[in-house]
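Here is a brief report on one chain. It moves from the overall fold to the core, then to selected helices and residues.

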Amino acid sequence: MTQSDSLPAPPRDAPARGHLPGDGHMWVMVLGDMIIFGGYFVIFMIYRTMTPNEFLAAQQHLDLDVGAVNTVVLLTSSWFVARSVLAARAGRHEQAIRLVWAGGGCGVLFMLLKAYEWAHEIAAGRTNSELFYSFYYVLTGVHLLHVAIGLIVLGVVVRELRNPARRRVSMVESGAVYWHMVDLLWVVIFALLYVMR
C-alpha cells in the first residue's frame, strides 16, 4: 500500500489543486477596479506631496477610532465570508448561508458607521471645499458604493445557496473574491486617509 492509498479522498466539490477561486470574469472586474482605485491613490499622493501641511491639518479632524472600528468590522466580514466558502466547499450549505449573512451584516454596520462619520464631518463644516476632504468624500464614497454592490453580490450568493438546483461553489467563491477586494481597498484607504502622517 502506497502513501497516496492511505490518504482520504477529497470531497466531491473540493477545488482542484492550483484552482483559481471563483469565476475568471470576476477576477477581471476586480483587477480593473483595483487599477482604477490605484489611479485614485496615486493622484491623492501627488496632491498630498504638493500640499503636505494642508492635508495634515485637515486629516487631524478625522476620527481615527471610527476608522479603526470600521477596519475591524470589514476584516471580520471578510473572515465570515472566507469561512462561508469553506463551508460551501464542504457541502455545509446552511452554515455557509449563515456565514454570508454575518459577513453582510458587518457590511451594513460599516455603512452605518461611515454615514455617521460623514454626517459628523459635514455638520462640522468640513466639505469638499477643502482639497483633502474632496479626496476623502470621493475615495470613501466610491468605496461605499462598492460595499453596497458587494452586499447585492452576497445576496445573490445566499439566493444560490438556498436553491439546491443552483448551488455552485464557484458562485460563493466569486462573491468572496469581490468582497475581499472591497475589504482590501478599505485597508489602503484607511492607511492613506487616517494613518499616514
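## Overall fold

From the N terminus on, the order of elements is α-α-α-α-α-α-α. The chain has seven helices and zero strands. This is a predicted model.

Of the 197 residues in the chain, 39% are buried. Take the contacts between residues at least 6 apart in sequence: 79% of them join residues at least 24 apart.

## The nonpolar core

The largest nonpolar core holds 47 residues. Within this core, F44, F132, Y136, L161 and L193 touch the most other members. Two or more residues each come from helix 2 (24-50), helix 3, helix 4 (64-89), helix 5 (93-123), helix 6 and helix 7 (169-195). Helix 7 gives the most, with 14 residues.

Beyond its neighbours within four places in sequence, F44 contacts F55, F132, F135, L139, L192, L193 and M196.

## Helix 3 and its buried face

Which residues of helix 3 are buried? They are F55, A58 and Q59. Viewed down the axis of helix 3, the buried residues fall within an arc of 100°, so they line one face of the helix. An α-helix has 3.6 residues a turn, so residues three or four places apart point the same way. The buried residues of helix 3 pack against helix 2, helix 6 and helix 7.

## Helix 3 against helix 6

Helix 3 (residues 52-59) and helix 6 (residues 131-162) have axes that come within 8 Å. The axes cross at roughly 60°. Helix 3 is therefore oblique to helix 6.

On the helix 3 side, the contact involves E54, F55, A58 and Q59. Helix 6 brings L131, F132, Y133 and F135. By type, the residues of this contact are six nonpolar, one polar and one charged.

## L74 in helix 4

L74 sits in helix 4. Is L74 buried or exposed? Its relative accessible area is 1%, and buried means under 20%, so L74 is buried.

Leaving out neighbours within four places in sequence, L74 is in contact with F110, H143, W179, V182, D183 and W186.

How values were computed:
Residues numbered from 1 in each chain as written. Predicted model: local features only at pLDDT ≥ 70, side-chain atom pairs only at ≥ 80, totals over all residues. Heavy atoms only, no water. Axes fitted to C-alpha atoms, helices over the stretch in contact; angles between N-to-C directions. Helix = DSSP H or I, 4+ residues; strand = E, 2+ residues; numbered from the N terminus. Parallel < 35°, antiparallel > 145°, perpendicular 65-115°, else oblique. Contact = heavy atoms within 4.5 Å. Nonpolar A, V, L, I, M, F, W, Y, C, P; charged D, E, K, R; others polar. Core = buried A, V, L, I, M, F, W, Y, C linked by side-chain atoms within 4.5 Å. Buried < 20%, exposed > 50% of the residue type's maximum accessible area, 1.4 Å probe, protein only. Arc of directions from axis to C-beta.
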